[in-house]
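Q: Hi! Could you walk me through a bit of this structure? I'd like to start with some terms.
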Amino acid sequence: MPQTSLQAPDAVIMIRPRNFQPNTETAQDNGFQTLAVDASAHDLSKRAYDEVTGMVEALRGEGIEVNLFEDPRDDRPDAVFPNNWFSTHPGGHVAVYPMYSQNRRIERRQDVLEMLKARYRVQDIIDYSGLEQDDLFLEGTGAMVLDHVERVAYAARSKRTSEVLLERFCTHFNYEPMVFDAHDADGVPIYHTNVLMCIGTDVALIGLDTILDTARREVVRDRLAHGGREVIALTQKQVADFAGNAIELQGRDGRVLAMSSRAMAALAPEQRWRIEAHLKILPLDIPTLEMAGGSVRCTIAGIHLSPRPRVVGAAA
């Protein structure tokens, strides 16, 4: 039986879009987005749909439970990224978040929350979304990268991360806030923390060079390494290729690090060897989805809840 970890959920939620498009409303502050110049809207949507289908098959092939929801609407271009509007936590807690862009606020779905309540032990749902009216935003595990083992919430300052709301979240969910400034190679603030770093049980990937304040950089590095975790530094180019936008998951045969094929190709051989000393890398091919400025981590909302017992004889 593989050893499990608080950091690596064995069940996830994903959304399969039928009308995928890079979101023009988020392009102003998301430097990772690219324009789609070689395909029609129909072709983009078809490719994105197929890429999510391929991801789901690969994850299920590793023994990871994928709860897949369809999104047939044509007014939710970023619906494929559900980790920004909710997160789940051990002890039966769920958080719902306020979103910066208006056309992302309609991504919140009651059917997803109802499924969680039906299949898992949910004690409470803390809904911060009303704070959008006060211009306070915290876009879930995009804005925060959570260390569930050490209880630290890492967050890069941006329009999508309110420090006031981060403090409130950390008080409610018992995390230590670790805030820093991070910039891309052009000096632009990075829009989401989870594109520059990911935290696994034994290894963390982080674009340390994005943190220009050297003293703060060392504080972040040392906090990540606390408890023996190996810290692997990513270059600005590797961050731009989504090498930091990965997630550790629990498969039937052990933990895997799910990342895009582009991200894996960006890693140096020595970095791959260091990662694979701890867990298997699972590359997923999603070039169309990455046009929207997010990669594998953004498409996956981990379930950190205890499942309810299945009733024997109940309908499937």
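A: Happy to! Buried means under 20% relative accessible area, and exposed means over 50%. Bear in mind that this is a predicted model.

Q: Great. Which residues of H5 are buried?
A: The buried ones are Arg 217, Val 220, Arg 223 and Leu 224. Looking down the axis of H5, they fall within an arc of 135°, so they line one face of the helix.

Q: And what covers those buried residues of H5?
A: The cover includes several strands: S7 (152-156), S8 (176-180), S9 (197-199), S10 (203-206) and S11 (230-233).

Q: Which exposed residues sit on the face of H5 turned away from its buried side?
A: That face carries Thr 214, Ala 215 and Asp 222.

Q: What happens at the start of H5?
A: There, a side-chain oxygen of Asp 213 comes to within 3.0 Å of the backbone nitrogen of Ala 215. After the helix comes Gly 227, with a positive phi near 90°.

Q: How far apart are the end C-alpha atoms of H5?
A: They are 16 Å apart, which agrees with the 16 Å that 12 residues (214-225) should span at 1.5 Å a residue.

Q: Switching topic: where is Ser 162, and is Ser 162 buried or exposed?
A: Ser 162 lies in the loop between S7 and helix H4 (163-173). With a relative accessible area of 11%, Ser 162 is buried, because that value is under 20%.

Q: What does Ser 162 touch?
A: Leaving aside residues up to four places away in sequence, Ser 162 touches Leu 136, Phe 137 and Leu 138. A polar atom of the Ser 162 side chain also lies 3.3 Å from the backbone nitrogen of Val 164.

Methods:
Residues are numbered from 1 along each chain as its sequence is written. This is a predicted model: local features need pLDDT of at least 70, side-chain atom pairs count only at pLDDT 80 or more; totals for chains, interfaces and linings use all residues. Side-chain values use heavy atoms; hydrogens and water are left out. Helices (H or I, at least four residues) and strands (E, at least two) are DSSP runs, numbered from the N terminus. The expected span of a helix is 1.5 Å times one less than its number of residues. Buried means under 20% relative accessible area, exposed over 50%, partly exposed in between (1.4 Å probe, protein chains only). The arc is that of the directions from the helix axis to the C-beta atoms. Contact means heavy atoms within 4.5 Å. A polar contact is a pair of N or O atoms within 3.5 Å; within protein, one must be able to donate a hydrogen and the other to accept it, and residues adjacent in sequence count only if both atoms are side-chain atoms.
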